[in-house]
Amino acid sequence: MLLINLKSMKRLLISLALLFFVAISSAYAQFGIGVSYEYKPSDGNLNNVPQSGFGVRLENSIGPSIPALKFGYRLHASFFRDEQSVNQSFEDVRAGTYQSDVYDFGVAFLGEAKIPFLANPYAGLGIGYELQDISSAEGLGGLQARLEQIEESSLFYNAFVGLKFSPIPVIRPFVEYRFSGFSALNNITDSPRRFHFGILLEF
């Protein structure tokens, strides 16, 4: 009888601890850190721009506490790389290597609807800075390779919408669509559209 009571008490304590953890996580989930896979769809003229990369983000809540809404800011950074080998025949054998790196980072402000479902929609606006670095090495007829490097940078603004999922406390998978506008990219074009697929840890 005592053993049964001890087992029941143990289960009760575990259940209470889990409920306490869920309540604390829901009430004080103000800081988040996440990673994502990011994809830029090709617009037909993006031969020099990598399409796949990864990103990191830090989020924090700001403003008054409203039951159905949460406002916050985000710091984010992304990295894309594309490497290719090129072989052509034109009066002689020509071979080369090509590498394109794209870095961007920025800040954004967002609002999230805290609805009692497993998916919470959010949207926001932000600004940032992007740097594109393209380098190539080319050899012609066995001669020494010729190196070329192009760098371009630009300020950008963006708007985004997404969904955060809550299968369990703290861990929140998300999907996001972002559209960006660039202030100046003279020699290099970039896709204004981007999709994010990632996981956010909220504390």
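This is a predicted model: local features need pLDDT of at least 70, side-chain atom pairs count only at pLDDT 80 or more; totals for chains, interfaces and linings use all residues.

Biologist: Good to know. How many aromatic pairs does the structure hold?

Modeller: Six. One of them is Phe 79 with Tyr 103, a tilted pair at 5.1 Å centre to centre and 40° between the planes. Phe 79 is in strand E3 (residues 69–89) and Tyr 103 in strand E4 (residues 93–113), so their pairing ties together parts 24 residues apart in sequence. For the cut-offs, rings of Phe, Tyr and Trp (its six-membered ring) pair if their centres lie within 6.5 Å, and planes under 30 degrees apart count as stacked, over 60 as edge-to-face and the rest as tilted.

Biologist: And is Tyr 103 buried, exposed or partly exposed?

Modeller: Partly exposed, with 34% relative accessibility. There is another tilted pair in Phe 105 and Tyr 129, at 5.9 Å centre to centre with 45° between the planes. That one links Phe 105 in strand E4 to Tyr 129 in strand E5 (residues 119–140), again 24 residues apart.

Biologist: Which residues do ring pairs link into a cluster?

Modeller: Phe 54, Phe 79 and Tyr 103.

Biologist: On to charges. How many salt bridges are there in the whole structure?

Modeller: The search finds 15, each being a side-chain nitrogen of Lys or Arg within 4 Å of a carboxyl oxygen of Asp or Glu. Among them is Arg 74 with Glu 176, whose closest N and O atoms are 3.0 Å apart. Arg 74 belongs to strand E3 and Glu 176 to strand E7 (residues 171–182), so this bridge ties together parts 102 residues apart in sequence.

Biologist: Is Arg 74 buried or exposed?

Modeller: Buried, at a relative accessible area of 2%; Glu 176 is also buried, at 3%.

Biologist: What about Lys 164? Which strand does Lys 164 lie in?

Modeller: Strand E6 (residues 146–165), and Lys 164 is buried with a relative accessible area of 2%. Its side chain makes a polar contact with the side chain of Glu 59 at 2.8 Å, and one with that of Glu 112 at 3.2 Å. (A polar contact is a pair of N or O atoms within 3.5 Å; within protein, one must be able to donate a hydrogen and the other to accept it, and residues adjacent in sequence count only if both atoms are side-chain atoms.)

Biologist: And which residue does Lys 164 form a salt bridge with, at 3.6 Å?

Modeller: Glu 202. Lys 164 is in strand E6 and Glu 202 in strand E8 (residues 193–202), so the bridge ties together parts 38 residues apart in sequence. Salt bridges with shared partners join residues including Arg 57, Glu 59, Arg 74, Lys 164, Glu 176 and Glu 202 into one network.

Notes:
Residues are numbered from 1 along each chain as its sequence is written. Side-chain values use heavy atoms; hydrogens and water are left out. Helices (H or I, at least four residues) and strands (E, at least two) are DSSP runs, numbered from the N terminus. Buried means under 20% relative accessible area, exposed over 50%, partly exposed in between (1.4 Å probe, protein chains only).
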